[in-house]
Number of protein chains: 2
Amino acid sequence: MNTIKNIRQHSCFGGQQYIYSHHSTSTECTMRFGLFLPPQAEISPVPLLYWLSGLTCTEENFIIKAGAQRVAAELGIAILTPDTSPRNLNIPGENDSDDLGSGAGFYVDATEAPWAKNYNMYTYITKELPALVSAYFPIDQERIGIFGHSMGGHGALTIALRHPDYYKSVSAFSPICSPMRSPWGIKAFEHYLGFDKTKWQDYDSTLLITSRGWKGPSLLIDQGTNDPFLETQLKPELLSTACDAANVKLNLRLQKGYDHSYFFIATFIEDHLRFHAKVLQGCNI
Amino acid sequence: MNTIKNIRQHSCFGGQQYIYSHHSTSTECTMRFGLFLPPQAEISPVPLLYWLSGLTCTEENFIIKAGAQRVAAELGIAILTPDTSPRNLNIPGENDSDDLGSGAGFYVDATEAPWAKNYNMYTYITKELPALVSAYFPIDQERIGIFGHSMGGHGALTIALRHPDYYKSVSAFSPICSPMRSPWGIKAFEHYLGFDKTKWQDYDSTLLITSRGWKGPSLLIDQGTNDPFLETQLKPELLSTACDAANVKLNLRLQKGYDHSYFFIATFIEDHLRFHAKVLQGCNI
């Protein structure tokens, strides 16, 4: 277990918003993550939500823009916000586009050169961070949920569906519901995973719903109707169809007039936090 | 009256968050401002709060970081967020430091070269923007308040104290209470206003309290005790002393452990919005 370094700390709604850095064994580079600890964490372990961000984001976007700390402090929930990729690796082209390389890890374990050595965000999120959290922070490991936005919505759904014993609740904002049928997803998977599409299937929420189902609480998804990526990249209708066929409960809310931005996320983040809180601690909703 | 251009628009908490650009006659350059219109503005004119930001900020910081739209939408209050200076003027040194030039207009009308032609943020805020708002937006001109942070807290206080008939309520987060006794303020005033300190007095809140008083509602100021600028730059005790002597009511709240960041602002923004709402519309607090 490597040490972690507290590089920023701010009082916020009676809790503390931290940013940490550490050397990651999964990605073999320095990674940063944000952690909000509510005031209740001073007394006893608290539930934790992982928030997975979308393309181009760092660990900071959600912390600054979502306005989640207010409700998290009220409900006594911690929120961990990882970065969206390894960075500063000098991989050719790593900073050339918004949808591949830096800021676009897509929450997979890459198998193809030049990405395979470092682009292991799946292992980073599902193994390394939970071990680190368990070692360093007052978190109740029995009460873990996960949510995210866009690429991070894809990440949250796929990770929860593959680890239902660990992640008790999952929700998403405007997720890439089927990356195998999204230009963003296809580009990323071709580069990170190669052209054998059988290797892609464990990273596609709609296929995972079909192959594994979900016995946890209803999935909550918010999707803005004015989202410019709705029809080309996100395709919630594919997830809806898969859930219907697999008898998985999905609460898909189409929010009229909202777009893909954090203004949309901020508007509905309270609903998501109360949804997770209800599942994780049976607290007021 | 020049035209204004809507350059961004996002649905947010049932209202609309806009960013506009326009050619300013006060600063003789293109300026941007943000405007949040709550859902109530679709029906009838609403109260308006001006938010003045601090050093290095643009019109965007408050919009993204403060989390104000939620409560503004509930209370039916619009919020206008100007930029903090003219920009892109090719004035020598305009981008060389955080506390002079771009992002550091200090809400004064400059009289000294090379700033005098453009750096007229006082006139921009107090004359040009109100006329523009009146022409274009559903705002109740009888219900205007003003607030701000740091340099913008100084701006909000000085502007309200000099125009008490227009600004019915004023509050601030960690304001520069006496820029004449603050290194930031002294540097800015020397460059923008010259070395004759009699010209500085109308831009110093503590002196304005003494010279003009304030018959409006109690001033509300939040100040974090862990703010690194508290003792050197902000000096709320000077304002407190001036208010005591002038019999002006000041609600100065020292918030333990909070710093100078938007995490601090976000924590207490709801209190400020409800304070202004109570004054401006007698709505629930």
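**Notebook: the cavities of a predicted model**

I began with the second largest cavity, whose lining divides by class into four nonpolar residues, three polar ones and no charged residues. A reminder to myself: this is a predicted model.

Next I looked up which residues those are. My list for the second largest cavity reads Gln17(A), Phe36(A), Phe62(A), Ile63(A), Gln69(A), Ile79(A) and Thr81(A). I then checked which elements give two or more residues to this lining, and found helix 1 (61-65) and strand 5 (78-82) of chain A. For the space inside, I noted about 40 Å³ in the second largest cavity.

How many cavities of 30 Å³ or more does the whole structure hold? My search turned up two.

On to the largest cavity, where I wrote down about 50 Å³ of space. Its lining is made by Gln17(B), Gly34(B), Leu35(B), Phe36(B), Phe62(B), Ile63(B), Ala68(B), Gln69(B), Ile79(B) and Thr81(B). Strand 3 (29-37), helix 1 (61-65) and strand 5 (78-82) of chain B are the elements that each give two or more residues here.

Which element gives the most to the lining of the largest cavity? I found that to be strand 3 of chain B, with three residues.

Last, I sorted the lining of the largest cavity by class: six residues are nonpolar, four are polar and none is charged.

Note on methods
Residues numbered from 1 in each chain as written. Chains lettered and ligands numbered in written order. Predicted model: local features only at pLDDT ≥ 70, side-chain atom pairs only at ≥ 80, totals over all residues. Heavy atoms only, no water. 1 Å grid on protein atoms, 1.4 Å probe; cavity = no way out; pocket = protein on both sides within 12 Å on 5 of 7 lines; lining within 4 Å. Points joined across faces, edges and corners; volume = space filled by probe spheres on them. Helix = DSSP H or I, 4+ residues; strand = E, 2+ residues; numbered from the N terminus. Nonpolar A, V, L, I, M, F, W, Y, C, P; charged D, E, K, R; others polar.
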